[in-house]
Amino acid sequence: MRERVQAVIDGLVESGAERGMQVAVYRGGELVVDAVAGVADPRSGRKIAPDTPIYCYSVGKTMTSAIVLMLIERGAFGHDTPVAELWPEFGAHGKGGVTVRHVLTHTAGVPAMPADATPDALGDWDGICAAIADSTLWWEPGTRLGYHAYTFGYILGEVVRRVTGKPISQVLREEVAGPLGIADEMYFGMPEPELGRVAVLEEPEEATKGFEQIPEDAPMFSTAPKAIFPTAAFGNLPQVLRADIPAGGKMTARAVARLYAALLGNVDGVRLISPERLTEITAVAVEGTDQIMGNEAAFGLGFPLGHPVTGERTVFGWAGVGGTYAWADTATGLTAAVTKNRLSMDFSTVEAVTKAING
């Protein structure tokens, strides 16, 4: 498997389809593939390494979901605990019925960020959370499915802060990444001294044009202003790299694949959730047409279900803008991640790597 994967990613970089890539695969808690190809920064020629963090956008929701599920496992709150019970201000304007389950399944009806949000504002945790708490419902909680691209992270992140008394980034480091030995390869906000390690994002002209061709009245533009849409330029901003944005994350492939392995089973003595909880979160909780994105979607508690290329329903995982993906397969016991710094409009790279993994 290792040789097949390396050959595929070498070919993708050589062809110009990708600039820098990482692929990692775990089987039964053991790292069996840790492959890299290409450069992290085309301007300097800095090579990508296994420990090079990459901003993988929504793949970072993996970390947020894992933390919330871990806290539920410990009895800190439940799936059906109202968010306002933990964060009273959130109950304003009729949102008292929104539960943790609704947020985990993108049915809360609170998908919109402040219309004037800027990259600088994303680092103002209290300000963003206050604006979300003061927002109104788009639909009755639980009645519709609609992607909560940013608010998923801020709502659950504030729940974590209210329950633990710590920022979610600190909980990530102390309770998840640290015990798994990946604290320096997995972040929400990166410390300033670490920014020189991160891969530089880029996007081909066709990706930029594709973004520009999205109609101005598309529902997604009602949930967040264009200033904070996940482009390469946005993801390279120092203030964005430093900000705790738990709807996304900066990570290595081997770190996020290891986290998924710890959701499936034991990894060097660390298991994040019980087998019973795993069964619960990988069952279909909601499915239907996404009212924001327009696609058909199925969610368990905290994770989309089904591989984006193969459609395999024993797979759960998070994809990120630009063609990154990390996942676990309950049928095979494999977990894997494809991370890269060239944003694409499709998942053709994930498809090629998945074929190499599956043989």
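Which residues in H2 meet which residues in H7? Met63, Thr64, Ile67 and Met70 in H2 meet Ile168, Val171, Leu172, Glu175 and Val176 in H7, where contact means heavy atoms within 4.5 Å. Let's look at the setting of that contact.

**The model.** This is a predicted model, in which local features need pLDDT of at least 70, side-chain atom pairs count only at pLDDT 80 or more, and totals for chains, interfaces and linings use all residues. Residues are numbered from 1 along each chain as its sequence is written, and side-chain values use heavy atoms, with hydrogens and water left out.

**Overall build.** The protein chain has 14 helices and 11 strands; helices (H or I, at least four residues) and strands (E, at least two) are DSSP runs, numbered from the N terminus. Its radius of gyration is 19 Å, close to the 21 Å that the globule rule gives for 359 residues, so the chain is as compact as a globular protein of that length. Here the radius is taken over C-alpha atoms, and the rule is 2.2 Å times the number of residues to the power 0.38. Along the principal axes, the C-alpha atoms fill a box of roughly 55 × 45 × 40 Å.

Axes are lines fitted to C-alpha atoms, for helices over the stretch in contact, and angles run from 0 to 180 degrees between N-to-C directions.

| Pair | Angle | Axes |
|---|---|---|
| H2 (residues 61-73) and H12 (residues 253-264) | about 30° | 11 Å apart |
| H2 and H7 (residues 168-177) | roughly 70° | within 10 Å |

H2 and H7 are therefore roughly perpendicular to each other, the word used for 65 to 115 degrees, with under 35 counting as roughly parallel, over 145 as roughly antiparallel and the rest as oblique. The residues of the contact of H2 with H7 divide into seven nonpolar, one polar and one charged. In these classes Ala, Val, Leu, Ile, Met, Phe, Trp, Tyr, Cys and Pro count as nonpolar, Asp, Glu, Lys and Arg as charged, and the others, Gly among them, as polar.

On the H12 contact, Thr62, Met63 and Ala66 in H2 meet Val256, Leu259, Tyr260 and Leu263 in H12. By class, that contact has six nonpolar, one polar and no charged residues.

**The sheet.** An open sheet of six strands has the order E3-E2-E1-E11-E10-E9, with antiparallel pairing; two strands pair if DSSP finds at least two bridges between them. Its edge strands are E3 (46-47) and E9 (315-320), each pairing on one side only. Four bridges join E10 (residues 324-329) to E11 (residues 334-340), and Tyr325 stands opposite Val338 in E11.
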